[in-house]
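Please look over the model below.

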Amino acid sequence: MAGKTLYLGVGILIIIILVAGVFMMQGGEEQATQTTPQEAQTPAAGAETGTKQEAQEAKTETQTEAEVETLVIGAPLSLSGKYAKEGEMSLMGALAAVKWINDNGGIMVNGKKYMLEFKFYDDESNPDRVTSIVERLITQDGVNFLLAPYSSGLTAKAAPVAERYGAVMLSHGGASDKIFQQGYDYLVQILTPASRYFTSVLDMVKAVDPEAKTVAIVYKENEFSRTVAEGARAYAEKLGFEVVYFQSYPADAQDLTPVLQPLKDMQPDVLIGGGHFADGQLLARQINELGIKAKLIGILVAPALPDFYENLGEAAEGIVYPSQWEPGVTFSPDTTPQGYEWYGPTVDEFIKYFKEVAKERGKGDIMPSYHAADAAAAILFLAKAIEQANSLDPDDVRQAMNDLALFTFYGKLKIDPETGLQIGHDMIVGQWQNGNKVIVWPKEAAQAEPLYPRP
Amino acid sequence: MVDVGLVVANLVYGLLIGIIYGIATVGLNMIFGVLKIVNVGHGAFIMVGAYVTLLLFTLAGVTPPLTILASMAVGIGLGLIFYYLVIKYLVDAPELATLLATFAIGVLLQEIVKAFMGADSRGFTWNLGNVEVAGVSVALSKVVAALFSIALLGIIYLVIYRTKLGLAIRAVVQDREGAMVVGVDVDRIYAVSFALGIMVTVASGSILAMYLQSGIHPYMGEIYTLKGFVIAVMAGLGSIPGAFIAGILFGLFENLSYVALQSIEGIQPLVLTRSIAFLLLLIILLVKPSGLFQR
């Protein structure tokens, strides 16, 4: 008897747990489905909220003309997965630019006023999601103008889909040169491609010290770093430098002394290279340990992060690095170079708009990273091109981009008509001086004189 | 033309990194020697030691050589915990079970460290200036790291060859049943040996951190698991002094093959040194399948 009741009790308990579990799972799913569209819809509302906003606009502006329409720009962005951080930054940058444009009268096409909407979906840093989102944006949401997803890898996945439907796509997070050698007609690059990462650094050396002669390049063995290194070698030779050393190290190298040892006697004027975070730090440390002297030492990626100095201390002093953008740049309408037209927010305005967006998205008081600036610049370039084309046809807009020469808070923007590669935007050069990152090049953006030669 | 200065420099650096490789392999070989278990999670324990040094130095300002003691304590603790929780039940289990279990332990450690410390690659600066070794300027911290490796090996050697405990360990290695018959508590010896092996491994992580001072992240150990296996197989699985010497040989060979490869035009030598090191392994195994130091 006692045994039977026990079994019965246990059985009932199991059933209760199972039922409760099923209910909880359902609840969870419901929640999930509720939040996802919300996430994706609120800032990038569909037609419904769009008309509401139009109505509001019309009311508040009390204009005679009610001819305010909505133009939707779409994007797959990584809000989760391995690129979540960069994706969120890109999103906030794009939203800040959209907000600035709308606050400053939207864009005029054919006498009609358009307010911008930014519609995005989370691609989960997943290449398969990227392709389906791009397809959905174009076919279901009717979007003709797109930002690419973050990173070269995902951009390479998105580009063929946009190409197939003839939608313009702006790459703001894909520095690879390779994607632009595939013959895509509708893909346009906003950030500086890998092959030109070190051109600003070499230009700076040439300007500060015309005597400098020899260049050594030491880089990580992977696609991105190799493209950077080969681009740097070609450009150095073009400027009349002699490339005396060109060596790579494996991606997971723990000790670079064999590669660096010969540089001790060589004493090149310029030593550049690196790859990503970990190896860049290792490179800087071992250059210092071995006592290798060069008038300029430039390293990719790693020095741009604050923990570079935390980890290396004195050894970080004087090291320069190329960067797409830094919040401290001083590009302004007054420094607009010949042949370029100023457009968009000033640096301070951009930071202000970015901070508002960040607050709205519950990210607190944060500064924009270069990822945010890349995406914002893409929106500005696109908006200006649409205005210039005076048409919403993607072919006309793509055509107009070829003649566009913009100067923005992000610097110069100009594309190669043939490939869509970015040829206007230059990397800025930062340097660690007395424990602080300062911008030392180009002159229009510099905060301080470069410390040269490195002590 | 081979530059003599370059050869000497690579000899010195090869010797130094080789000593570190050596001490980082001793624990692996010791555990295999006594328990006949291949610790696939080896590298994760090295990573733990590196974090002990990083944290003690950056947060509390403890000088890195002293952190080796802390790592030894952490190592004994981890060794005992994992022995009594997992390894104890697997001593006579099929190989695949022990491989999986130690692999799981490694993943567990990596993910715990990642959860608390994040996946960022970290480093610190402990600069003692440079010294001349055979005319080559070397960071003193690297030399100190190598010296502590030798000291640590000395301690292990003394424990195994000069103490009663060591005698019992050697007895178990030679003949488990025989040891049992004469009253050796085999289970306890297993526990102690595993703990000692993990102790050396974690401590070698501290020494490695002292040597490199950068690239400390949750997955840093994987490359040392790989190199550790190569060195252990080269030495002959189980041999403790053999593992150390094989480590030195591996370091020297890696660096010297770099010099040789550098004289060939149009290739990237550092990328190729590893394949050369594996070629060496292949040749050694062809000539002496049981390893260099195995009777």
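Chain A splits into domain 1 (47-192 + 330-413) and domain 2 (196-323 + 428-445). These bounds come from an automatic or database domain assignment. The model is predicted: local features need pLDDT of at least 70, side-chain atom pairs count only at pLDDT 80 or more, and totals for chains, interfaces and linings use all residues. Residues are numbered from 1 along each chain as its sequence is written, while chains are lettered from A and ligands numbered from 1 in the order in which they are written.

Taken over C-alpha atoms, the centres of domain 1 and domain 2 of chain A are 33 Å apart. Seven residues of domain 1 of chain A contact six residues of domain 2 of chain A; contact means C-beta atoms, placed from the backbone, within 7 Å. The domain 1 side of chain A holds two nonpolar, four polar and one charged residues. Here Ala, Val, Leu, Ile, Met, Phe, Trp, Tyr, Cys and Pro are nonpolar, Asp, Glu, Lys and Arg are charged, and the others, Gly among them, are polar.

Chain A has 14 helices and 16 strands. Both are DSSP runs numbered from the N terminus: helices are H or I with at least four residues, strands E with at least two.

Now the sheet. Six strands of chain A form an open, mixed sheet in the order S2-S3-S1-S4-S5-S6. Strands pair if DSSP finds at least two bridges between them. Strand S2 (107-109) and strand S6 (187-189) of chain A are the edges; each has a single partner strand, so one side of each lacks a neighbour in the sheet. Neighbouring strands are turned by 35° against each other on average, direction ignored. Axes are lines fitted to C-alpha atoms, for helices over the stretch in contact, and angles run from 0 to 180 degrees between N-to-C directions.

| Pair | Bridges | Example partners |
|---|---|---|
| S1(A) (68-77) and S3(A) (112-122) | ten | Pro76(A) and Tyr121(A) |
| S1(A) and S4(A) (145-147) | two | Gly74(A) and Leu146(A) |
| S5(A) (168-171) and S6(A) | three | Ser171(A) and Gln189(A) |

Helix H5 (residues 152-165) of chain A lies across S1, S4, S5 and S6 of chain A, at about 165° to S5(A).

Which chain contact remains? Chain B gives 24 residues and chain A gives 25. On the chain B side, H1(B) gives the most, with five residues. That side divides into eleven nonpolar, twelve polar and one charged.

Technical notes: Two residues are in contact if their C-beta atoms, placed from the backbone, lie within 7 Å.
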